[in-house]
Amino acid sequence: LGMTDTEGNSTGKANPLTFGIGFQSPYIVLGALDASPGAYFMLYGYDDDYMGKVSAYQMVANGSFDFNPIFFFLPEWFHLCLDIGLSYNNKIKVDPKELPWTDGSSPIDNFGGFGLNIGPSFNFSSSSFPMEFHMFSHMNMVPQNGEWAPAKTPILNFGANIIVVLKRGRK
C-alpha cells in the first residue's frame with residue numbers, strides 16, 4: 001500500500017484499513033440500465049514524505065449503474081455495476097512534514113475539497129436469501145495538501161461487504 005511520486009519513487013504509505021458506511025436505494029429502470037442513487041461516508045489516511053501525515057474523511061453522493069439488462073446472458077445472480085460519484089474530503093488531522101516544499105516555502109495545512117469516486121463493483125445475490133455479497137474497486141480522487149492543493153491524488157481501494165437487502169413483502 002505504497003505511495004509514489006511522478007518518477008515512481010516511494011514517498012510514503014496509505015493506511016492499510018479504511019472504514020466506511022453507506023446506503024443504496026433500490027434500483028430503478030433508467031433506459032437500458034438499472035440505476036441506484038446512494039451515499040457513503042469513509043475514513044482514510046496516509047503518511048507521505050511531501051504532504052505529511054493525513055487523517056481524513058470522505059462523503060460521497062454516488063450512483064450505481066447495473067449492466068445486467070444489457071448483459072442479459074450473465075447469470076441472474078451476478079450483477080456487473082459501475083459506481084460513480086462526487087465526493088467531499090476534509091481533514092480530521094494533518095501533520096505537515098518539516099521539509100521545505102519544492103518552492104522553498106514552509107509547510108502549511110490546507111487539505112480539503114471536492115473529488116471524484118469511480119470504479120466497478122460485482123454483486124452476487126440470491127432470490128431466496130436477503131443478503132448480497134458485494135466486491136468493489138474504487139478510485140478515489142482526493143485533494144492534495146500544501147503546495148499541491150489544486151491537484152488530486154488517486155487512492156485505489158478494494159473491498160468486500162455484505163449487503164442486507166430490504167424488500168417489501170408482496171402477495
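**Exercise 1.** Classify Phe114 by its relative accessible area of 52%.

Solution. Exposed means over 50% relative accessible area, buried under 20%, and partly exposed in between (1.4 Å probe, protein chains only). At 52%, Phe114 is therefore exposed. Tyr88 has 29% relative accessibility, so Tyr88 counts as partly exposed.

The model is predicted: local features need pLDDT of at least 70, side-chain atom pairs count only at pLDDT 80 or more, and totals for chains, interfaces and linings use all residues. Residues are numbered from 1 along each chain as its sequence is written, and side-chain values use heavy atoms, with hydrogens and water left out.

**Exercise 2.** Find how the rings of Tyr88 and Phe114 are arranged.

Solution. Rings of Phe, Tyr and Trp (its six-membered ring) pair if their centres lie within 6.5 Å; planes under 30 degrees apart count as stacked, over 60 as edge-to-face and the rest as tilted. The whole structure holds ten aromatic pairs. For Tyr88 and Phe114 the centres are 5.2 Å apart and the planes stand at 65 degrees, so this pair is edge-to-face. Tyr88 belongs to strand S7 (residues 78–95) and Phe114 to strand S8 (residues 112–126), so the pair ties together parts 26 residues apart in sequence. Strands (E, at least two residues) are DSSP runs, numbered from the N terminus.

How values were computed
Helix = DSSP H or I, 4+ residues; strand = E, 2+ residues; numbered from the N terminus.
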